[in-house]
Amino acid sequence: MRKWAFWLGCSCLVMNLGWPAKASEEPLLQKPLYQANVHIDPVKKEVSGSIAITFWPKDPKHAYLHLYPDVFTKRQDGMLWEELLGKEPGLGTYDSNKLTVDGKAVAGKKTGHILEIPLAAEGKPISETGPHKIELNFAMKLPHNDGRMSYDEHAIWLGNWLPILAVYDQGGWRLDAYEPVGDPFYSEVADYEVNVTFPAGYQWASTAPDKAAEVIAPSKGEKTARLRVKDVRDFALVVMDASYQSTESKAGDTVVRTWWRQGDDVQQAKQNHQAAVSSLAYFHQNLGAYPYTEYDVIRTGGAINGMEYPALVFLDGRHFLANAEYAIDTVVHETAHQWFYGLVGNDQLREAWLDEGFTEYATIAFLTEQYPLHGAERVRRRLANGTFVPLYVKEHQRPWQALTEFPANQYYSDLVYSRTTSMLWLLRGAWGEERLYDVLRQYVATYRYQLVSGEQWKAFLTKAAGEDASAFLDYWMNLDMSQQEQAAAWLERQREKQQK
Ligand SMILES: [Zn+2]
């Protein structure tokens with residue numbers, strides 16, 4: 001079973017020339033389009049289908065796809081895997097075939113869960129000017145575990161299940177293995193057109209605006225939902241039986257739906273819903289417009305705690321028990337991820353502090369204002385865990401390091417969540433809440449639908465502060481103790497300037 005502790009905020013849990021930061025006003029040219037036809041058998045726990053990916057090559061010779069479900073077809077050993085998947089996870093199966101590029105059959109090469117796709121036919125590099133199309137078929141039997149893609153007797157939850165293009169950034173291709181710590185994902189914004197067929201008696205919720213979706217009945221006893229959504233970093237889906245119901249209300253122009261099942265505590269489900277609605281409205285106000293018309297909060301099985309996806313989050317069943325202690329905090333945290341991860345993307349394997357730390361800061365800022373008892377306790381614990389770190393200094397551990405470097409979830413939580421949050425909380429102390437929100441809003445506007453790096457945040461902070469922020473970030477994010485006094489002096493100057 002997965003650990004149930006305060007520090008699990010969620011799931012579980014850099015630039016070459018020609019890769020300039022794009023201003024948010026620029027139209028998203030060359031955005032990939034994923035078109036899938038999928039059949040789901042909730043009884044047999046089988047998912048099969050085809051996908052076509054229209055994309056602009058980043059490299060004339062290859063493209064790469066992450067086939068994440070492949071990770072769960074093999075036994076994974078160790079404490080961290082056990083914390084992620086549970087004690088005795090059941091393996092799934094995953095097959096992909098009929099791979100083509102622009103209609104011509106090609107031979108892919110699979111290494112781990114990554115599929116390398118050759119683009120150069122007979123030694124001739126593919127044209128980089130036009131879009132190209134990769135197509136493949138896939139079929140899987142779902143694994144049974146506590147993680148992001150599994151099932152129980154009432155639902156199938158599909159996180160990180162469709163093939164997705166790997167990112168090519170200033171460091172070249174990012175082809176990292178799946179990690180049992182953190183959220184080991186990194187993807188660019190794309191459009192999705194997914195047709196999902198499943199038995200007529202089932203319900204669903206996805207990243208797309210589901211209420212607006214066209215539904216057709218292709219054969220007796222089945223229905224097909226035609227799901228369409230633009231500008232999202234991934235596409236998640238949950239198929240639910242008739243034991244599920246939803247509560248819905250609006251936050252601005254967005255319909256918020258919270259889904260729970262028979263046997264759950266109705267009072268808690270309604271409190272979770274209320275926290276989702278009010279935090280979405282608050283972040284929309286303070287961090288910039290929320291662009292999606294529907295936001296789903298879905299009770300899953302398993303023990304993932306909470307997990308963010310674009311326009312949809314998972315919350316495991318423990319958050320729907322009567323008086324669930326961390327339910328509200330978790331709903332708010334996952335909702336804040338709609339901005340940090342969803343709208344502003346980053347390399348979650350190398351710079352997880354950019355999504356988790358900023359998300360957790362926004363969470364405690366909201367809780368402090370609207371759920372003061374939750375807020376005070378969470379601020380206290382984040383500061384306690386994030387500011388006193390001699391053990392981590394001794395072990396050369398820091399927030400700004402890759403997931404592979406964290407030996408345990410506690411290290412990850414204290415450094416990536418608590419220390420980044422502490423840094424931002426102290427900055428708020430110097431600048432005031434309003435100014436910090438002004439800067440974060442500008443940051444979100446600048447990098448909306450893009451990928452951001454830690455170096456870009458450093459440059460952004462330097463500009464906003466009117467003074468080089470390197471020492472401040474080196475002390476807080478790299479645990480460089482030689483910069484401690486400089487960092488404190490920097491913060492003090494910021495406070496004095498603000499007070500003038
Ligand atoms: Zn999180």
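Which residue in β8 is the bridge partner of Ser 48? I looked it up: the partner is Ala 139.

**Ground rules.** I am working with a predicted model, where local features need pLDDT of at least 70, side-chain atom pairs count only at pLDDT 80 or more, and totals for chains, interfaces and linings use all residues. Residues are numbered from 1 along each chain as its sequence is written.

**Whole chain.** I found eleven helices and 25 strands. Helices (H or I, at least four residues) and strands (E, at least two) are DSSP runs, numbered from the N terminus. The radius of gyration, taken over C-alpha atoms, is 22 Å.

**Around β2.** I checked pairing, for which DSSP must find at least two bridges between two strands. Strand β2 (residues 46–55) runs antiparallel to β1 (residues 33–41), with nine bridges. Leu 33 has Thr 54 of β2 as its bridge partner. Four residues lie between the strands of this hairpin, and Lys 45 there takes a positive phi near 60°. Ten bridges join β2 to β8 (residues 132–141), also antiparallel.

**Open sheet.** I traced four strands in the order β6-β7-β3-β11, with antiparallel pairing. The edges are β6 (109–111) and β11 (164–165), each pairing on one side only. Five bridges join β3 (residues 62–66) to β7 (residues 114–118). There I saw His 66 opposite Ile 114.

Note on methods
Rg over C-alpha atoms; globule rule 2.2 N^0.38 Å.
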